[in-house]
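Me: I would like to go through this structure slowly and ask, for each label, what stands behind the word.

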Amino acid sequence: MAGAIRIIGIDPGLRRTGWAIIETLGNSLRFVAAGTVRSDEKTDLATRLCQLHDGLSGILHAHMPEEAAVEATFVNKDAAATLKLGQARGIAMLVPARAGLRVAEYAPNAVKKAVIGVGHGDKKQIHMMVKVLMPKAQFDTDDAADAIAIAICHAHHRQSVAYRLALETVK
C-alpha cells in the first residue's frame with residue numbers, strides 16, 4: 001500500500017499486553033500482524049515491566065509503525081491492581097513515544113463504538129467485527145484482538161480535525 005500509514009494498537013496489561021499492526025490508506029484497512037507480549041508472573045514487578053518494554057520495543061523495531069494508539073484502561077475494584085495496570089500502561093505509552101511516535105489514547109467505549117457501532121459490547125462482538133473489518137486478521141489472545149480494535153479506532157479517528165491540529169503543533 002503505497003502511501004499507507006502503519007499504526008500500532010496496544011492493549012496494555014501486566015500479564016499480557018496485546019499489540020497489532022495495521023495499515024490504513026484512505027478508507028481501506030489492511031492487517032499486518034498481531035500478538036501478545038507476556039511477562040513472567042513469577043518475577044518481580046520491575047523485571048516484568050522490563051519484559052513488556054523489551055517485547056514492545058522489538059515489535060516497533062520489526063514493524064516500524066508511524067503512529068500509535070493505546071487503550072486508556074482503568075480498574076476500580078482493587079487499588080493495587082489498578083496501580084500495576086497503570087505502570088504497564090506507562091510502558092505501553094513510553095515505548096512508542098521513545099521511538100518518536102505520537103501516542104493517541106482511546107477510552108474502551110470509544111474503541112467499541114468505532115468497531116461495533118455502540119459503546120458497550122462484549123469480547124465476542126469485538127472479535128466478530130474485527131474479522132468482518134479485517135478478514136485476514138489473526139490473533140492469539142483477546143488482548144491481541146483488542147489491540148486490533150484499538151488500531152482500527154485510531155485509523156477512523158486520525159483524520160479528525162482535533163487530531164490533525166495536534167499533529168501540526170508537534171511538527
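Predicted model: local features only at pLDDT ≥ 70, side-chain atom pairs only at ≥ 80, totals over all residues.

Reply: Residues are numbered from 1 along each chain as its sequence is written, and side-chain values use heavy atoms, with hydrogens and water left out.

Me: Why is Asp54 called exposed?

Reply: Relative accessible area decides the word: under 20% is buried, over 50% is exposed, and partly exposed lies in between, with a 1.4 Å probe and protein chains only. Asp54 has a relative accessible area of 52%, so Asp54 counts as exposed. Asp54 lies in helix α1, and its C-alpha is separated by 13 Å from that of Arg16, 38 residues apart along the chain.

Me: What makes Ser28 partly exposed?

Reply: Ser28 has 35% relative accessibility, and therefore counts as partly exposed. Ser28 is found in strand β3, where a strand is a DSSP run of E with at least two residues, while a helix is a run of H or I with at least four, both numbered from the N terminus.

Me: How do you know whether Asp146 is buried or exposed?

Reply: Its relative accessible area is 8%, so Asp146 is buried. Asp146 has its place in helix α5, and, leaving aside neighbours within four places in sequence, Asp146 is in contact with Asp11, Lys123 and Ile126, where contact means heavy atoms within 4.5 Å.

Me: What makes α5 "mostly covered"?

Reply: Of the 16 residues in α5, 13 are buried. The helix reaches 22 Å from its first C-alpha to its last, close to the 22 Å expected at 1.5 Å a residue, the expected span being 1.5 Å times one less than the number of residues.

Me: Why are the buried residues of α1 said to line one face?

Reply: The buried residues of this helix are Arg48, Leu49, Leu52, Leu56, Ile59, Leu60 and His63. Seen down the axis of α1, they fall within an arc of 105°, so they line one face of the helix; the arc is that of the directions from the helix axis to the C-beta atoms. On the other side of α1, Asp54, His61 and Ala62 are exposed, and what covers the buried residues includes β1, β2, β3 and α2.

Me: What is said about phi at Met64, and why is Met64 called exposed?

Reply: Phi of Met64 is near 50°, a positive value in a residue other than glycine. Met64 lies in the loop between α1 and β4, and at 56% relative accessibility Met64 therefore counts as exposed.

Me: What makes a space a pocket, and what is the volume of the largest pocket?

Reply: On a 1 Å grid over the protein atoms alone, a pocket is an open set of points where a 1.4 Å probe fits, with protein on both sides within 12 Å along at least five of seven lines, and lining residues have an atom within 4 Å of a point. The largest pocket has a volume of about 560 Å³, a volume being the space filled by probe spheres set on the points, which are joined across faces, edges and corners. Of the 25 residues that line this pocket, the closest to its centre are Asp11, Pro12, Gly13, Leu85 and Asp143.

Me: How is the lining of the largest pocket divided into nonpolar, polar and charged?

Reply: Ala, Val, Leu, Ile, Met, Phe, Trp, Tyr, Cys and Pro count as nonpolar, Asp, Glu, Lys and Arg as charged, and the others, Gly among them, as polar. By that division the lining has ten nonpolar, three polar and twelve charged residues. The helix α5 gives the most to this lining, with four residues.
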